[in-house]
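Hi,

Here is the structure I promised to pass on.

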Amino acid sequence: MSMRTYVTWAEMITGFARSGDSVSARRFFDQVPTELKNVVTWTVMVDGYCSNGQMEMAREVFEAMPRRNFFVWSSMICGYCKIGDVEEAKAIFDRIPVRNLVNWNSMIAGYAQNGFCQEALKAFGNMQAQGFEPDEFTVVSVLSACAQSGLLDVGKDIHNMLSHKRIKLNQIVLNALVDMYAKCGDLINARLIFEEMTERNSACWNAMISSMAVHGQCKEALELFCRMEKSNEKPDEITFLSVLSACAHGGLVDEGMEVFSKMQKKYGLEAGIKHYGCLVDLLGRAGRLREAYALVKSMPMKPNDMVWGAMLGACRIYMDMEITEQVAEDISTLNSSIQSGNNSHYVLLSNIYAASDRWEKAERTRIEMENEGFQKIPAHSAFMPCGA
DNA sequence: ATAGGGTTAG
């Protein structure tokens with residue numbers, strides 16, 4: 001087609017990349033006639049790789065670009081953050097000759113999403129020091145950093161800043177505020193904002209429900225869930241995780257079991273491994289170890305580390321050596337810890353044995369770990385005499 | 001090009 005412009009090519013490349021087909025996107029990119037190959041076609045190709053998490057390919061094309069715009073820098077930063085490589089994202093950020101607000105927002109969001117809360121807050125300060133005014137995107141990420149690290153005072157400062165900077169209180173900003181107050185333990189203010197909201201989506205309900213569970217208000221969390229059921233916002237998978245966790249914390253076993261079956265029967269949501277993990281935790285904490293273990297053995301999917309962790313946690317609380325032995329056997333036959341590179345349940349197992357004065361068993365668990373090539377093995381557990 | 005909600009253990 002002779003009428004093709006660079007826009008047409010860019011749309012083709014983006015279309016394939018968005019559907020996850022980087023290979024076809026690249027094929028079109030390579031066919032763009034030289035006279036139409038401009039900064040936009042390069043950028044959409046890089047962005048395509050970034051959104052598919054193919055950062056090595058993204059990097060290759062990015063480095064070959066003759067010119068770069070604001071967009072491509074942000075794509076690279078977000079791409080690296082999405083695969084958890086914050087250091088590489090920062091290296092890209094440092095290379096930007098002239099930064100814009102979105103570049104800053106992308107970096108701050110990347111920090112916050114990967115748990116680098118101090119860095120997020122620092123970058124937020126630097127950004128303002130360089131004369132940038134924060135917008136909705138900025139404050140949402142910074143509020144999330146405060147929520148994760150429990151910095152209520154900083155969170156309140158941001159809240160105050162919202163009106164001064166004329167930042168719009170859209171749904172996402174309000175949700176971030178609710179989440180910040182709730183996670184920081186200020187349930188009064190969280191509730192205040194929550195109740196004043198005219199529209200509440202599931203993220204909002206979930207933030208409130210899960211925080212109430214964390215802060216011990218389990219009955220209230222369940223009440224809120226009932227209210228949500230009557231609202232026009234349907235509970236989703238995350239809602240059920242939050243509610244099941246509330247039941248586990250409050251020892252509300254029957255309620256939890258009911259919620260679990262309601263999730264499938266009434267709402268047609270399929271229980272995932274995380275829901276099973278919650279249920280194992282719920283039964284386990286309540287001392288119903290045999291039911292918990294039966295559930296682990298009958299789950300439709302392979303138990304993961306979380307499930308074993310919940311199971312072992314319950315074994316430790318109730319010192320049930322019989323079930324512990326069975327779990328130990330399951331773990332060593334399934335070797336699930338090797339796949340995930342997580343040796344925490346070996347440590348848990350070791351703790352349980354140690355606590356029940358079965359030192360030889362504890363020793364054997366350690367030797368097993370050593371044989372399987374784990375490098376660093378804790379010298380002693382919380383239950384063992386320290387200062388060896 | 002950028003933003004919000006989730007399970008376990010200590």
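I began with helix H10, residues 152–164. This helix has 13 residues and spans 19 Å from its first C-alpha to its last, close to the 18 Å expected at 1.5 Å a residue. Do keep in mind throughout that this is a predicted model.

Which residues of H10 are buried? They are Gly155, Ile158, Met161 and Leu162. Looking down the axis of H10, you'll see these buried residues fall within an arc of 115°, so they line one face of the helix.

The axes of H8 (residues 117–129) and H9 (residues 136–149) come within 9 Å and cross at roughly 145°, and the crossing is left-handed. On the H8 side, the contact is made by Cys117, Ala120, Leu121, Phe124 and Met127; on the H9 side, by Thr138, Val142, Ala145, Cys146, Gln148 and Ser149. Sorted by type, the residues of this contact come out as eight nonpolar, three polar and no charged.

Now back to the end of H10. The helix is followed by Arg166, which sits in the loop between H10 and H11. Its phi is positive, about 55°, although Arg166 is not a glycine. Is Arg166 buried or exposed? With a relative accessibility of 75%, Arg166 counts as exposed, because the cut-off for that is over 50%.

Met319 is another one to look up. Its phi is near 50°, again a positive value in a residue other than glycine. You'll find Met319 in the loop between helix H19 (305–318) and helix H20 (321–334). At 31% relative accessibility, Met319 counts as partly exposed.

- Ser75 belongs to helix H5, residues 70–82. Its relative accessible area is 10%, so Ser75 is buried. Setting aside neighbours within four places in sequence, Ser75 is in contact with Asp47 and Cys50.
- Cys278 belongs to helix H17, residues 273–285. Its relative accessibility is 16%, so Cys278 counts as buried too. Not counting residues up to four places away in sequence, Cys278 touches Leu241, Leu244 and Ser245. As for Phe260, which is 18 residues from Cys278 along the chain, the two C-alpha atoms are separated by 9.7 Å.

Finally, the chain as a whole. How many helices and strands does chain A have? The count is 23 helices and zero strands. Of its 388 residues, 46% count as buried. If you take the contacts in chain A between residues at least 6 apart in sequence, 60% of them join residues at least 24 apart.

Cheers

Conventions
Residues are numbered from 1 along each chain as its sequence is written. Chains are lettered from A and ligands numbered from 1 in the order in which they are written. This is a predicted model: local features need pLDDT of at least 70, side-chain atom pairs count only at pLDDT 80 or more; totals for chains, interfaces and linings use all residues. Side-chain values use heavy atoms; hydrogens and water are left out. Axes are lines fitted to C-alpha atoms, for helices over the stretch in contact, and angles run from 0 to 180 degrees between N-to-C directions. Helices (H or I, at least four residues) and strands (E, at least two) are DSSP runs, numbered from the N terminus. A crossing is left-handed if the near helix is turned anticlockwise from the far one by less than a right angle, and right-handed if clockwise. Contact means heavy atoms within 4.5 Å. Ala, Val, Leu, Ile, Met, Phe, Trp, Tyr, Cys and Pro count as nonpolar, Asp, Glu, Lys and Arg as charged, and the others, Gly among them, as polar. The expected span of a helix is 1.5 Å times one less than its number of residues. Buried means under 20% relative accessible area, exposed over 50%, partly exposed in between (1.4 Å probe, protein chains only). The arc is that of the directions from the helix axis to the C-beta atoms.
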